[in-house]
Amino acid sequence: MMQQHWYRFDFALSTKLADYMGKERKFAKCREIFDDIISQGRVPSESTFHILIIAYLSTTVQGSLEEACSIYNRMIQLGGYRPRLSLHNSLFRALLSKPGVIAKHHLKQAEFIYHNLVTCGLELQKDIYGGLIWLHSYQDNIDKERITSLREEMRQAGVEESQEVLVSILRACAKDGDVEEAERTWLKLVRLDEGLSSHAFVCRMEVFSKAGEPMKSFETFREMQEVLSSYNVAPYHKIIEVLCKAEEVELAESLMQELVQSGMKPLTPSFISIMDMYLNLNLHDKLESAFSACLEKCRPNRSVYMIYLDSLVKVCNFDKAEEIFNHMRNNEAIGVNARSCNTILREYLSSGYHVKAERIYDLMCQKKYNIDSSLMEKLDSVLSSSRKVARRRISLKLSKEQREILVGLFLGGLQIESDGKKHMIQFEFNQNSIMHSILRRHLHDQYHEWLHPSFKPSDDSDSDDIPWRFCTISHSCFDFYAEQFWPRGQPQLPKLIHRWMSPQVLAYWYMYGGHRTSSGDIVLKLKGSVKGVGRVVKTLKSKSLDCRVKRKGKVFWIGFLGSVSTWFWKLVEPYILDDLKDLLKAGDPTLENNMEELQNMNFDSGSDFDEEASEDSDMDSL
């Protein structure tokens, strides 16, 4: 009797299963079968490619758009398929769904979709032309020829340039001060008679500024005030920035006062422009007054403190400079960077404060900051007289604190990505959360030496320059976390999680993925299988942290109620950032959606965790 193989790959069955999973929006399972088909040396069917792309586009999970683009590209390059028109258009619209400063990175992909539409002879909708011009207008280096080519194709296709397209062209003109083209575009905008947006006025102000005509920018600003009945704070920020660069002191001060009296927020960008102008003009008394006014009206900001620190050093007020530097260092909402450390180090070396200079040197070594080459000769002389100087070897290794922070962040929803061999950490923050805004600056500083070069802070960078999404380099140090928390590209709760749930881990979980309700209860958000969540709950209870668990969709909410929340707070408080303590104790009013969602879940009614435990433990992750 012939022995039959216990398993034989069935392409037709795999295709049906993958398509079914994709139609049910279970993209993780669909992708797993998709990858298995490829590993068997087969090319997935066109339907599987199509369904998987749509499944990715139908979810808000971080990285889903990038995965959809990757599958689309392979559909054409690997499979040789010609996607239907609706798929091209759906993916293109998804690329334009992000704000311009983020979407601009998708230009190459958008151009690829455009190329495929043209190659396949498919209909080009007017949104394709407008979307491409919009993406081009946000690039750092404007491709004028490409924009001109797209406009000509629009004209030949009989597509009228909409208000959005004209504003995009105006934005592109603002990048290099093309006044002639900007004025032609402006006249077309006016003739449309659809109403002018404040953003169009801001672009026109920028055009005149780049062309060296700041007073025309000011005239444009006043014209906007006459034409528009309402507008946001952005035009004020732009005109004050323009006038400060032109060193029009009285006019800039007048508009700053006008902005403060208007009650519009935020004020920080304009304070930075004003203070920077004062520093360049050596108006240090005015700078100090502006600094004090900024502290009264705005949240702490590193740029503001950096400018003030530069001013204090410039006027040789070393005692005050040292006080400000120490305040920056001790305040997590501000923090220090390589530039501020070099500024204070230069002060100490020039003043002969060698012991203090050594302390700053040690701090910079600890944080792996680069020391200005102009300071090295004098610093070497100072160090050689007191210690044996050992040249630093830059060796990346996670500290104990960095390792514990990562565990807490993974519990809170942090993601990890792979380049095929090594892994990288992907940080992403909620722009509507004050908590995340402060935590973002802290984590950017905490892992600055690990950041990918495109996210590395420059000497002139400040806390407002920090993106809401950034990633580390690919490194073998992250392999362990990928195996434990992100196997096969999907989130998972490790079997050994009970060994790592220290108070610091809990604190960062709370700050990144937690919330305190108005009633004082603490809730933590957690994704994973029922078994995984069970291990976490068991560990918490072993620490006398009795908790209730509620499941809403694919997300678990772990609640610490009444006196248990007080005990939880005492446990994590030493590791909570100072600027977050009041927010977390009183509840975060910026998370209103979460508040409504949590108020609809009655933790007091008992835990539904045991009921869920009977379900499939390999629950699909969001």
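Arg25 sits in the loop between helix α1 (residues 11–23) and helix α2 (residues 27–39), where helices (H or I, at least four residues) and strands (E, at least two) are DSSP runs numbered from the N terminus. Phi of Arg25 is near 65 degrees, a positive value in a residue other than glycine. With 41% relative accessibility, Arg25 counts as partly exposed; here buried means under 20% relative accessible area, exposed over 50%, and partly exposed in between (1.4 Å probe, protein chains only).

A word on the model itself. It is a predicted one, in which local features need pLDDT of at least 70 and side-chain atom pairs count only at pLDDT 80 or more, while totals for chains, interfaces and linings use all residues. Residues are numbered from 1 along each chain as its sequence is written, and side-chain values use heavy atoms, with hydrogens and water left out.

**The chain as a whole**

The protein chain has 31 helices and seven strands. Of its 622 residues, 51% are buried. Contact means heavy atoms within 4.5 Å; among contacts between residues at least 6 apart in sequence, 66% join residues at least 24 apart.

**Backbone features to look for**

Most residues other than glycine have a negative phi, and most peptide bonds are trans. Cys316 lies in the loop between α18 and α19 (318–330). A cis peptide bond, with omega about 0 degrees, joins Lys265 and Pro266. Pro266 belongs to the loop between α15 (249–262) and α16 (268–280).

Here are the relative accessibilities of some individual residues:

| Residue | Relative accessibility | Class |
|---|---|---|
| Cys69 | 7% | buried |
| Val190 | 44% | partly exposed |
| Cys316 | 52% | exposed |

Val190 is found in helix α11 (residues 179–192). Although Val190 and Gln163 are 27 residues apart in sequence, their C-alpha atoms are 9.6 Å apart in space. As for cysteines, a disulfide is a pair of cysteine sulfur atoms within 2.5 Å, and the count by this rule comes to zero.

**Inside the protein**

In soluble globular proteins, nonpolar side chains tend to be buried together. A nonpolar core is a set of buried Ala, Val, Leu, Ile, Met, Phe, Trp, Tyr and Cys residues joined through side-chain atoms within 4.5 Å. The largest one has 122 residues, and Ile274 and Leu345 touch the most other members. Helix α10 (residues 163–176) gives the most to this core, namely eight residues. A second, separate core has 62 residues, including Phe410, Phe470, Phe568 and Leu571.

Which residues does Ile274 meet, leaving aside its neighbours within four places in sequence? Ile274 is in contact with Ile240, Cys244, Ala252, Glu253, Met256 and Ala290.

**A pair of packed helices**

Two packed helices are described by the angle between their axes and the distance between the axes. Axes are lines fitted to C-alpha atoms, for helices over the stretch in contact, and angles run from 0 to 180 degrees between N-to-C directions. Helix α18 (residues 302–314) and helix α20 (residues 338–351) pack at an angle of about 10 degrees, and their axes are 11 Å apart. α18 and α20 are therefore roughly parallel to each other, since angles under 35 degrees count as roughly parallel, over 145 as roughly antiparallel, 65 to 115 as roughly perpendicular and the rest as oblique. From α18, the contact involves Met306, Leu309, Asp310 and Val313, and from α20 it involves Arg339, Ser340, Thr343, Ile344 and Glu347.
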